[in-house]
Amino acid sequence: MNEPVRGPAHAAPEDHAAPEDHAAGVSRRSVLLGGAFVLAAAGGGVAVGALRPVASPDKPTGRPPVELVAALTAENVLLAAIDSTTGGSPAVRVALRQVRADHLAHRTALQAAVDSYPEPAVSTSPSGTGAVAALTVSGLRSAEQQAAARAGTRAGRLRGREAALLASIAASEATHAVLFG
Amino acid sequence: MFCGASMSALTDAWQQALGAEQQAAFGYPLAGPRLDSGTDLARTCQAAHEVLRDQTASAIEKAGATPALPPADFPSLYPVPDAGAAQRLAIRLEQDAARAWRYLYAVAAQGSGADSVAARTAAQAALTASAVRATQWRLLVDPARATVAFPGI
């Protein structure tokens, strides 16, 4: 279910270096999962409150929540859909590179969240990403809009830092629809 | 009833969101005169933040708290010498707003009562709206770097 998805040529990673939040990696994941907000203090009074860490919940126990696993599966499905596209115009290829990089970061964060539970996840359908039909630009826009809505709904069914993570992912996916607008 | 986290923490997070909206409503008029493109977007963003600022203040009042007054000035937003700085300011205003709303979401997500659910609903909508606006601004600045993977973080 969580096998790496190879990207097509348009998804080459070098063009999507992070303007700010794309600095994915261990440190980013630790921030995401640790519930600490590492923000620049340049925001003045606004950022001061946001710098306060939200209390971390207890260590995860049992199996990961179904909603969390479903969100991870959804990221894999989206990545497969993106990788099935031919890229279209140069502008669309630029958008695809960014969107794919974001989804890879989402998947990494969600996988880490799932893996933080001591017991294995219960598989959610669809069980694999298999063959995915290529999407048009409007299809990609629709897929991102639906993904944003579903991630928001799933966030509402979770609690704590996992909920906040999915809330951010939902917002990110809404921005992808703008790129395909 | 707000279960799982203190009401004061939730109220404080609402106040932070209000502060971010006050800053955005203040900041767009600083950016607007310097912009050479995106002026319509700036007007739309300013109007959205003014509405959200007032709605947020009302929500705080309904919760029995007093909305914090905005500061007389936001010195950290200056200077805005040219169009590029104005676009960067717009992005920053939206990022700050997104961070504040995500903070509210995170605080509310520790609770389970009706106040928590309402805060999460409002915060998700505002976080998403600011993320989308930030992306619209980044598209004007650098279309190849228009999105971020985790808005508000």
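How many of the 26 residues of α3(B) are buried? The points below answer this question and then turn to other parts of the structure.

1. The model under discussion is predicted. In helix α3(B), 22 of the 26 residues are buried, so this helix is largely enclosed by the rest of the structure.

2. Helix α3 of chain B covers residues 83–108. The distance from its first C-alpha to its last is 38 Å, close to the 38 Å expected at 1.5 Å a residue.

3. One residue of this helix deserves a separate look. Q87(B) lies in helix α3 of chain B. A residue counts as buried when 20 or more other C-beta atoms lie within 10 Å of its own; Q87(B) has 24 within that distance and is therefore buried.

4. Which residues does Q87(B) touch, leaving aside those up to four places away in sequence? They are L35(B), G38(B), W137(B), L140(B) and V141(B). By way of a distance along the chain, Q87(B) and S116(B) are 29 residues apart, and their C-alpha atoms are separated by 34 Å.

5. The loop between α2 (39–62) and α3 of chain B contains P79(B). The peptide bond that joins Y78(B) and P79(B) is cis, with omega about -10°. As background for the student, most peptide bonds are trans.

6. Chain B as a whole has 4 helices and 0 strands, and its elements run α-α-α-α from the N terminus on. Buried residues account for 54% of its 153 residues. Of the contacts in chain B with a separation of 6 or more, 79% are between residues 24 or more positions apart.

7. Along its principal axes, the C-alpha trace spans about 50 × 35 × 20 Å. The radius of gyration of chain B is 16 Å, which agrees with the value near 15 Å that a compact globule of 153 residues would have.

8. In chain A the secondary structure comes to 6 helices and 0 strands, in the order α-α-α-α-α-α from the N terminus on. Buried residues make up 43% of the 181 residues in chain A. Where contacts in chain A join residues at least 6 apart in sequence, 78% of them are between residues at least 24 apart.

9. Helix α3 of chain A comprises residues 66–83. Its 18 residues should span 26 Å at 1.5 Å a residue, and the end C-alpha atoms are 26 Å apart, which agrees. Of these 18 residues, 13 are buried, so α3(A) is largely enclosed by the rest of the structure.

10. How do the directions of α3(A) and α5(A) compare, and at what angle do these helices pack? Helix α3 of chain A packs against helix α5 (residues 137–157) of chain A at an angle of about 170°, with the axes 10 Å apart. Angles over 145 degrees count as roughly antiparallel, and α3(A) is therefore roughly antiparallel to α5(A).

11. The contact between these two helices can be described residue by residue. On the side of α3(A) are E67(A), A70(A), A71(A), A74(A), L78(A) and A81(A). They meet A143(A), A147(A), R150(A), A151(A), R154(A) and R157(A) in α5(A). The residues of this contact divide into 8 nonpolar, no polar and 4 charged.

Note on methods
Residues are numbered from 1 along each chain as its sequence is written. Chains are lettered from A and ligands numbered from 1 in the order in which they are written. This is a predicted model: local features need pLDDT of at least 70, side-chain atom pairs count only at pLDDT 80 or more; totals for chains, interfaces and linings use all residues. The expected span of a helix is 1.5 Å times one less than its number of residues. A residue is buried if 20 or more other C-beta atoms lie within 10 Å of its own, exposed if 12 or fewer, and partly exposed in between; C-beta atoms are placed from the backbone. Two residues are in contact if their C-beta atoms, placed from the backbone, lie within 7 Å. The radius of gyration is taken over C-alpha atoms; the globule rule is 2.2 Å times the number of residues to the power 0.38. Axes are lines fitted to C-alpha atoms, for helices over the stretch in contact, and angles run from 0 to 180 degrees between N-to-C directions. Angles under 35 degrees count as roughly parallel, over 145 as roughly antiparallel, 65 to 115 as roughly perpendicular and the rest as oblique. Ala, Val, Leu, Ile, Met, Phe, Trp, Tyr, Cys and Pro count as nonpolar, Asp, Glu, Lys and Arg as charged, and the others, Gly among them, as polar.
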